[in-house]
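Try each task before you read its solution.

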Amino acid sequence: VSIDNRIRTAIGATAATVREIPPLTLPPDPAPAHPGRLPVRRPRRDWSGWLIPVAAAVAVIAVAATLVAVRTVSGPAPHGVGQPGPATSGVAANPNQVPAYYAVVTKPTAATPADLTIAETATGKTLFTIKPPQNTSFGSVTAAADDRTFIVSVAPLPSDLSLPMVVVGWDLLRVNPGATGYTLRRLSIPATPRKTLLGGLALSPDGTELAALFDSDPAATAPVEGAATLRIYSVASGQALHTWQSVSKQNLTALGANSGASGTVTWLANGHGLAFVWDATEHTGQDLWKVTPEVWRLDLAKPPGTGLLAGSTPVVMNPTGVFAGGVWVNGICSRLYATADGNGAVCGTESMLAVPNGTTDCQATMPPLAFRALSGDGGSYRVLYTVPSARAPKGKCVDGIASVLWASPSGSTLVGVVSTALVSGSLDLGPFTNVVGVLAHGRWTPLPIHVQLGQVAELAF
Amino acid sequence: VPAAGAEGQVTALYQAHATGLVRLAMLMLGDQGAAEDVVQDAFLGLYRRWSALSDPDRAVAYARSSVLNGCRDALRRRSRKIPAALLEPDAESAEARALLGEEHREVLVALRRLPSRQREAVVLRHCLGLPEGEVAEAMKVSRGTVKSASHRGLAALARILKEDQ
């Protein structure tokens, strides 16, 4: 019996022990004057938790302020951020400059299809909010190096929240010079088979070709053998120009994006290749898996073979993650972002905890988060910036994640987000505070971009 | 102030979803009584905030997040009161022990040794069968974090179970 089956069986058996539950007991007065102890329910309940949310909200702000010195950027753009202005489609902007615009696809619900928003990086100002075509929703989005061309996938209406990764069409969006308007047109790139999920997406530097990585197994919730497909399409004709497929039985299992579709595939700055991130699964024993993200570089000059890896070169292997005592240690990368020089990756770390008994992730002092540059095999990395540690108020806990949203080809400049949360109170609805910023030359400059990552499906620069 | 009709709507939601949420909390806490408390709390919170909900279609997602937060709170309270070495056996009810075979118990004990984020990701994906998007919403993390946490959690479970053999 595989471990996976054993886990599923045990979970199912445990869940099946819950058959009858008591009815809901609501307070007799629908508007109690004081949100304190309520008159019914189990006598051992402690209702003091009702008072926590307001204090928590205040404390979240305080902790965020100690983590990162948030400065409102007004007037001149932060150093290194591109300025909106005239541009010619297809001409790459300075690749080391933070793109002037970014795109956000919201998370859809059954009642509300996902919108696409284009906004200014320097100011956070929303330029356009675009509704999807009727009876569809937007899915994923990627930007070209010319900084004003985006391709967005169109998904079915979300009766199931995994459906945004199904592609029924592709739209090309171009922001007019001066951001005075935009054009949106349907491309002739074909829809993908129903049981194929989009795992990665990247536009070539000149905006003429689209690379898409597909995951073949939408039901995969565990490391399983499977094949992934990387395909390059002509934006103009919609034709598939090249196709590579991973080979089953290899010790790599392509599970597609490890952080949504954007950022998983990166077109090299010279246009001659792609770098892609895998969640690689190595079977180290019959029931043992070692799951690590890896970065590989695909050389487009080599003829496509039967295997995706046959034409690819490993760039970052075994980057992070030390397993000891039954748990993972702190400081692992939350995601990898393959850099466009094809030589490595950048990442942010997360304060995933390694509590000895694993029963709680409560920590009064959050370990420092960091942005790192990684290369080679074995986890060597260079710290680009360390986010100061934070301490929670008494009785509270603090957690955090740093993620890379965009990186320059060398990784020397990046846009990242530092998400922190005070953990308290059972009514904490949106505990994470997200600070988006530019990291260049070891200096972190917050941007006035206010985004709730929990409500965002994709964010692309 | 709960809106008019909140009681009926929240009660209907409870009847439709509470059993699944108690199962979720049971997996997190190992104790059905504590799990029921957490779920009751979550729905009571939903009731109290019903008029402030911008999108009633998200009420179940709200309740699920509240259940997860309630489980985190319960685990923290428990870890402060009980020595870690005694935690795992004490955290499990006698009823659950009687109903579950030894092999299943090993898995559940291993599950509780995972860091919370990994445990939540594994339980939500494997127990409730939620798509990644909904798991991400419940955990307030990105879909990528859900994917990595569930994979790491499964790998860690495999390691723990192998080590314990």
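Which residues form one aromatic cluster with A:Phe371? Keep in mind throughout that this is a predicted model.

**Exercise 1. Find the members of the aromatic cluster and describe how their rings pair.**

Solution. 

Step 1. The cluster consists of A:Phe371, A:Tyr385 and A:Trp444. Across all chains, the structure has 5 aromatic pairs.

Step 2. Take A:Phe371 and A:Trp444: their ring centres are 5.5 Å apart and their planes stand at 20°, so this pair is stacked. A:Phe371 belongs to strand E21 (residues 369-374) of chain A and A:Trp444 to strand E28 (residues 443-446) of chain A, so the contact ties together parts 73 residues apart in sequence.

Step 3. Now check how covered these two are. A:Phe371 has a relative accessible area of 0% and is buried. A:Trp444 is buried too, at 9%.

Step 4. Turn to A:Tyr385 and A:Trp444, whose ring centres are 6.1 Å apart with planes at 15°, so this pair is also stacked. A:Tyr385 sits in strand E23 (residues 381-387) of chain A and A:Trp444 in strand E28 of chain A, so here the parts tied together are 59 residues apart in sequence. Both A:Tyr385 and A:Trp444 are buried.

Step 5. For a further ring, look at A:Tyr381. The charged end of A:Arg372 sits over this ring, 4.0 Å from its centre.

**Exercise 2. Locate the salt bridges and decide for each partner: buried or exposed?**

Solution. 

Step 1. Start with the total, which is 2 salt bridges over all chains. Side chains of opposite charge can pair when their charged atoms come close.

Step 2. One salt bridge joins the side chains of A:Lys131 and A:Asp115, at 3.1 Å from N to O. This pair links distant parts of the chain, 16 residues apart: A:Lys131 is in the loop between E3 and strand E4 (136-143) of chain A, and A:Asp115 is in the loop between strand E1 (101-106) and E2 of chain A.

Step 3. Compare the accessibilities with the cut-offs: buried means under 20% and exposed means over 50%. A:Lys131, at 58%, is therefore exposed. A:Asp115, at 13%, is therefore buried.

Step 4. The side chains of A:Arg186 and A:Asp171 also meet in a salt bridge, at 2.4 Å from N to O. A:Arg186 lies in strand E7 (residues 182-186) of chain A and A:Asp171 in strand E6 (residues 169-175) of chain A, and the two are 15 residues apart.

Step 5. A:Arg186 has a relative accessible area of 44% and is partly exposed. A:Asp171, at 3%, is buried.

**Exercise 3. In which order do the strands of the open sheet with E29 run, and which are the edge strands?**

Solution. 

Step 1. In chain A, 4 strands form this open sheet, in the order E3-E2-E1-E29, and their pairing is antiparallel.

Step 2. Strand E3 (126-130) and strand E29 (456-460) of chain A are the edge strands, each pairing on one side only. On average, neighbouring strands of the sheet are turned by 15° against each other, direction ignored.

Step 3. Zoom in on strand E2 (residues 116-120) of chain A, which pairs with E3(A) in the antiparallel sense over 4 bridges. There, A:Leu116 has A:Ile130 in E3(A) as its bridge partner.

**Exercise 4. Describe the surroundings of A:Leu268: where does this residue lie, and what does A:Leu268 touch?**

Solution. 

Step 1. A:Leu268 is in the loop between strand E12 (265-267) and strand E13 (273-285) of chain A. Its relative accessible area is 6%, and A:Leu268 is buried.

Step 2. Leaving out residues up to four places away in sequence, the residues A:Leu268 touches include A:Pro205, A:Arg297, A:Thr339 and A:Asp341.

Step 3. Along the chain, A:Leu268 and A:Pro409 are 141 residues apart, yet 7.7 Å separates their C-alpha atoms.

How values were computed
Residues are numbered from 1 along each chain as its sequence is written. Chains are lettered from A and ligands numbered from 1 in the order in which they are written. This is a predicted model: local features need pLDDT of at least 70, side-chain atom pairs count only at pLDDT 80 or more; totals for chains, interfaces and linings use all residues. Side-chain values use heavy atoms; hydrogens and water are left out. Two strands pair if DSSP finds at least two bridges between them. Axes are lines fitted to C-alpha atoms, for helices over the stretch in contact, and angles run from 0 to 180 degrees between N-to-C directions. A salt bridge is a side-chain nitrogen of Lys or Arg within 4 Å of a carboxyl oxygen of Asp or Glu. Buried means under 20% relative accessible area, exposed over 50%, partly exposed in between (1.4 Å probe, protein chains only). Rings of Phe, Tyr and Trp (its six-membered ring) pair if their centres lie within 6.5 Å; planes under 30 degrees apart count as stacked, over 60 as edge-to-face and the rest as tilted. A charge sits over a ring if NZ of Lys or CZ of Arg is within 6 Å of the ring centre and within 35 degrees of the ring normal. Contact means heavy atoms within 4.5 Å.
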